[in-house]
Amino acid sequence: MKNKNFVLSLIGALAATMMYSPAYADKSSDTLNIAIDRELESIDNYYNTAREGIVISRMIWDGLLYRDPATNEYIPNLATSYEWIDSKTLQFDLRSDVNFHNGEKFDADDVVFTMNYLADPANGAKPARNVNWWSNAEKLGDYKVQLNLKTEFPAALEFLSGPVVMYPNEYYGEVGPEGMALNPVGTGPYMVTSVEPGKRYKFSKYAGYHSGSPKGSASIGKIVIRTIAESNTQLAELFSGGIDWIWKVKPDQAQRVEAQGNFTVKNSSTMRIGYLNFDASGRHGENPMNDVRVRKAIAHSINREGIVEALVQGESIVVNSLCFPTQFGCTQDVAKYDYNPEKAKELLAEAGYPNGFETPFLAYRNRDYAEAMINNLNAVGITVKFTYLKYAAFRDKVQDGGSPFNFGTWGSYSINDVSAITSHFQRGGKDDYSRDSEVMENLKTGDTSVDLAVRKDAYKKALSRIAEEVFMFPLWSYNTNYAFSKDLNFNPTPDEIPRFFTATWK
Amino acid sequence: MTNLPQTTSTLPVSGLKSRVLRHKGMMIGSTIVVFVVLLALLAPLIAPHDPYQQDLLNRLKPPVWDPRGSWEHIFGTDHLGRDYLSRLIYGSRISLLIGIGAALISGVIGTFLGVMAGYFGGRVDMVVTFLITVRLSMPVVLVALAVVAIVGGSLQVVIGVLGLLLWDRFAVVMRSSTLQIRSMDYVTAARAVGCSTTRILMTEVMPNVVNNLIVIATLEIAHAIILEAALSFLGLGVQPPLPSWGLMVSEGKDMMLFEPWLITIPGVALFALVLSVNLLGDGMRDVTAPENRN
């Protein structure tokens, strides 16, 4: 074991010496060095869709509300209180003791500016679904605003406590998205001290952070986030001490890192789930997936438990409903399909395919999971023509109706509500391959009612029908492995948004 | 004088044979190539397991020389529990198929263009030279990546794309060889007695450029094998679950810090095959044209 550790350290050190710049990390310099694997196009919260951008956004900016990740309770943040005036009108009282990082005072003008700027489609804020559900905001006083919704939108509080953050009206009006991306200014627990786009971002603790924030004040003085695309290089940097924290560590790698004993490895479930999507309605033309018996046969042929245990690992679980269990409206009380290859063969024979058939099969991530499923399908006589694409190509092909059968995943943008996944895939949108009127009607009821009981009932009906007809076949939830220095206290959350402002040194 | 005809008829063959046997590089190269070809041909008989059979409970078993390894899986198992040795053996089929297939397609295109340009000269030469220049200005890997990304990766697509991209060296060499030969007396004589162009090309020119053709073909086989491995490594070559060596390296790279054998084994196989094909090509050039040996 000692020898192995020595070899690993040696490899790590060698790889680290090849990096273009040295790192000055660790507890002694109060600097937390973090590696991410992608180049962010922008760190302006409204012109970024990458998860790493969302993580950074939570450090720099605040929303009117904040969802406690432990209790899922909505707590006022930049607001002091909120009230539903009617099903389409929300009023907020705002904090008067908040300043932006540049000294600009936070007040109702900032909220009105931000909300009205985002509500204008011409400004192109993305993703559109985060910002397209209100019509405008009105100033009712220096510290009081009213938000007018386009229609009933039960998930409003969820969005206002997450992706919708407040910008300084004067500064943003002056510099715009380009200026904000290069020199971001917010009210959050960390202020940005340096931006090298796509490469490196430096933060320091915001000393003037408002004391009443449910996020709490940051403890660690400085944070440096660097882009290191290759996972082995990230690991090598971690081993050599150049990096203190990495995530998305592959399960097999995480096991080995943990076995070394030099780092803390934590695993946390995420809202992302995997699914198989079938062309039930014939969008792709006539194909075996049009037949519910074939879809059920496929559901019985996939050994989800085996794949979760061997490959997905961690806190992942098999899901039977097209949603993540903690999401509002999600129920697992739907038709279930156990792993039963014999039953699958019977269903195929019943559907007129006693010797199976060949079908195209698309995927864009987790090639090993896809291969394991292909093996299961082969065992019941279904052969696939497998195509593995980059995400953008996969998405375009699927949305253009070019895929009768595919394996995808969805993270719901960490929105803890069924509308963020089930409605996305089954309410007649580009990804909807079933176009079932009953499902669409129920989802519409759930998406637009503010009566919680009505919503739950509508979603249950929709999810039950989806499962009964196997319009889509949910597979498993995902998990993320975090590996970090033993000097660090860090707790991951199920919404897959690391909160570095809650991290501390030991 | 009575022995002279016998001597002249046997000397070149025996000379060739002795040159082959004395050429160490060629002997090593041909031995490895023959070994890999036999592996590919006899894969179903030799492979200890089904290369596609997954066993998720026996994933990432190390090879036999590791204390944790066993003779059940001599080279261990991959991330899906498939026998690594069996995948390596079947992978030789993919590498050879792509190497030979791509070299065949590019050889036909390049030889046709090169011989035409060299024999006819003038405008034909100008057009072919332009085509060669255009082709040389395109980075092979990037073009192959782009095409495969658009069309989708598969064995046939990879062979086709590489075949259409690797003809330039054939064309350049065939053109210059044909240029030399077309001014030879025997070609002039054939033309003078009224032989057709096709006959001159097939019976006078081709037999005299075929040595160069074989040498270039071996180099391009090696080139195509490396390119396929690169494409498969990037996820754009042959598609899973086909056992390509490049794909095996790609699949093993996540664990390279912990289980280096996952990339070392297919990497060494790839290295050995490409080196041996190149050694064989160099050797063939040396023994068939010893005057050019350096």
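A residue counts as buried here if 20 or more other C-beta atoms lie within 10 Å of its own. Keep that cut-off in mind for the first stop. One more thing before you click around: this is a predicted model, with an ipTM of 0.76 and a pTM of 0.80.

**Stop 1: B:Leu39**

Select B:Leu39, which sits in helix H2 (residues 24–41) of chain B. Is B:Leu39 buried or exposed? B:Leu39 has 20 C-beta neighbours inside 10 Å, so it counts as buried. Now show what it touches: leaving out residues up to four places away in sequence, B:Leu39 is in contact with B:Ile46, B:Ile89 and B:Ser92.

**Stop 2**

Zoom out to chain B. Of the 294 residues in chain B, 44% are buried. Look at the contacts in chain B with a separation of 6 or more, too: 70% of them join residues 24 or more positions apart.

The average is 88, and 93% of the residues score at least 70. Confidence is highest in helix H3 (residues 43–46) of chain B, at 95, and lowest in helix H1 (residues 4–22) of chain B, at a mean of 63. Select residues 1–11 of chain B: pLDDT stays under 50 there, and the model gives this stretch zero contacts beyond four places in sequence. Where pLDDT is low, the predicted coordinates should not be read in detail.

**Stop 2: where the chains meet**

Bring chain A back into view. Here 18 residues of chain B are in contact with 22 residues of chain A. On chain B, the touching side is made up of 10 nonpolar, five polar and three charged residues.

Next, highlight the largest nonpolar core, which has 219 residues. Those with the most contacts inside it include A:Tyr190, A:Ile223 and B:Leu162. Which helix gives the most to this core? That is helix H4 (residues 84–120) of chain B, with 16 residues.

Click on A:Ile223 for a closer look. Setting aside its neighbours within four places in sequence, A:Ile223 is in contact with A:Leu32, A:Ile34, A:Tyr190, A:Phe203 and A:Phe500.

**Stop 3: the domains of chain A**

Colour chain A by domain: domain 1 is 2–48 + 182–267 + 486–505, domain 2 is 65–171, and domain 3 is 271–479. The centres of domain 1 and domain 2 of chain A, taken over C-alpha atoms, are 30 Å apart. Between these two, 16 residues of domain 1 are in contact with 21 residues of domain 2. The domain 1 side of that meeting has six nonpolar, eight polar and two charged residues.

**Stop 4: helix H11 of chain A**

Finish on helix H11 (residues 341–350) of chain A, whose buried residues are A:Ala344, A:Leu347 and A:Leu348. Why are they on the same side of H11(A)? Because they cover an arc of only 100 degrees around the axis. Show helix H9 (292–301) of chain A as well, as it is among what covers these buried residues. Then step past the end of H11(A) to A:Gly352, which has a positive phi near 95 degrees.

Conventions: Residues are numbered from 1 along each chain as its sequence is written. Chains are lettered from A and ligands numbered from 1 in the order in which they are written. This is a predicted model: local features need pLDDT of at least 70, side-chain atom pairs count only at pLDDT 80 or more; totals for chains, interfaces and linings use all residues. Two residues are in contact if their C-beta atoms, placed from the backbone, lie within 7 Å. Ala, Val, Leu, Ile, Met, Phe, Trp, Tyr, Cys and Pro count as nonpolar, Asp, Glu, Lys and Arg as charged, and the others, Gly among them, as polar. A residue is buried if 20 or more other C-beta atoms lie within 10 Å of its own, exposed if 12 or fewer, and partly exposed in between; C-beta atoms are placed from the backbone. Helices (H or I, at least four residues) and strands (E, at least two) are DSSP runs, numbered from the N terminus. The arc is that of the directions from the helix axis to the C-beta atoms. A nonpolar core is a set of buried Ala, Val, Leu, Ile, Met, Phe, Trp, Tyr and Cys residues joined through C-beta atoms within 7 Å. Domain bounds come from an automatic or database domain assignment. pLDDT is the predictor's confidence in each residue, from 0 to 100.
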